[in-house]
Amino acid sequence: MSLSLERTIDRHLVEFVETLRKKGISISLGSTLEFGRALAETGINRRESVYWSGRATLAIQPEDIEIYDQVFAQHWNRAIPQLEDCLLYTSDAADEGLGV
């Protein structure tokens, strides 16, 4: 994975957690790190993997689930085209031997 793609993904993950906090979900640093570990195991290729990794680690209280679902839908619908563009750029550069 290219450094550019890693930075893009990291930025989206941080923004996602920050948005959840702003909407009222109390998320500890430990939960944030667990979210990152879960994604490292499941990958970010599938929307449902990202959803359940976050749902299991960030939305601990039952009252958090509705907020989590709303923020997830808004955030990841916006993020996916940007991540896909980055993946396409990285893939095209690798195909051309640019070693990105």
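Colleague: What is the relative accessibility of T42?
Modeller: T42 counts as partly exposed, the class between buried (under 20% relative accessible area) and exposed (over 50%), using a 1.4 Å probe and protein chains only. Please keep in mind that this is a predicted model: local features need pLDDT of at least 70, side-chain atom pairs count only at pLDDT 80 or more, and totals for chains, interfaces and linings use all residues. Residues are numbered from 1 along each chain as its sequence is written, and side-chain values use heavy atoms, with hydrogens and water left out. For T42, the relative accessibility is 44%.

Colleague: Which pattern does the protein chain follow along the sequence?
Modeller: The chain has four helices and zero strands. Read along the sequence, the pattern is α-α-α-α.

Colleague: What share of the contacts with a separation of 6 or more joins residues 24 or more positions apart?
Modeller: A contact here is a pair of heavy atoms within 4.5 Å. Among contacts in the protein chain with a separation of 6 or more, residues 24 or more positions apart account for 55%.

Colleague: Back to T42: which residues does T42 contact, leaving aside its neighbours within four places in sequence?
Modeller: T42 sits in helix 2. Its C-alpha atom is 9.5 Å from that of W52, ten residues away along the chain. With the sequence neighbours set aside, T42 is in contact with S49 and S53.

Colleague: At what angle do helix 2 and helix 3 pack?
Modeller: In this pair, S31, E34, F35, A38, L39 and T42 of helix 2 meet S49, V50, S53, G54 and T57 of helix 3. Axes are lines fitted to C-alpha atoms, for helices over the stretch in contact, and angles between N-to-C directions run from 0 to 180 degrees. The two axes are 9 Å apart, at an angle of about 150°. That makes the helices roughly antiparallel, as angles over 145 degrees count as such.

Colleague: Is the crossing of helix 2 and helix 3 left-handed or right-handed?
Modeller: A crossing is left-handed if the near helix is turned anticlockwise from the far one by less than a right angle, and right-handed if clockwise. By that rule, the crossing of helix 2 and helix 3 is right-handed.

Colleague: How far is the backbone oxygen of S53 from a polar atom of the side chain of T57?
Modeller: T57 lies in helix 3 and is buried at 14% relative accessible area. Beyond four places in sequence, T57 is in contact with S31, E34 and F35. From a polar atom of the T57 side chain to the backbone oxygen of S53, the distance is 2.7 Å.

Colleague: What is the relative accessibility of V50?
Modeller: V50 is placed in helix 3. Sequence neighbours within four places aside, V50 is in contact with F35, L39, G43, I44, Y68, F72 and W76. V50 counts as buried, at a relative accessibility of 4%.

Colleague: How far is the backbone oxygen of H12 from a polar atom of the side chain of H75?
Modeller: H75 belongs to helix 4 (residues 64-95) and is buried, with a relative accessible area of 3%. The backbone oxygen of H12 and a polar atom of the H75 side chain are separated by 2.9 Å.

Colleague: How far apart are the C-alpha atoms of D64 and I25?
Modeller: D64 is in helix 4 and is buried, at 9% relative accessible area. Not counting residues up to four places away in sequence, D64 touches I25 and A59. Although D64 and I25 are 39 residues apart along the chain, their C-alpha atoms are separated by 6.2 Å.

Technical notes. Helix = DSSP H or I, 4+ residues; strand = E, 2+ residues; numbered from the N terminus. Polar contact = N/O pair within 3.5 Å; in protein donor to acceptor, adjacent residues only side chain to side chain. Parallel < 35°, antiparallel > 145°, perpendicular 65-115°, else oblique.
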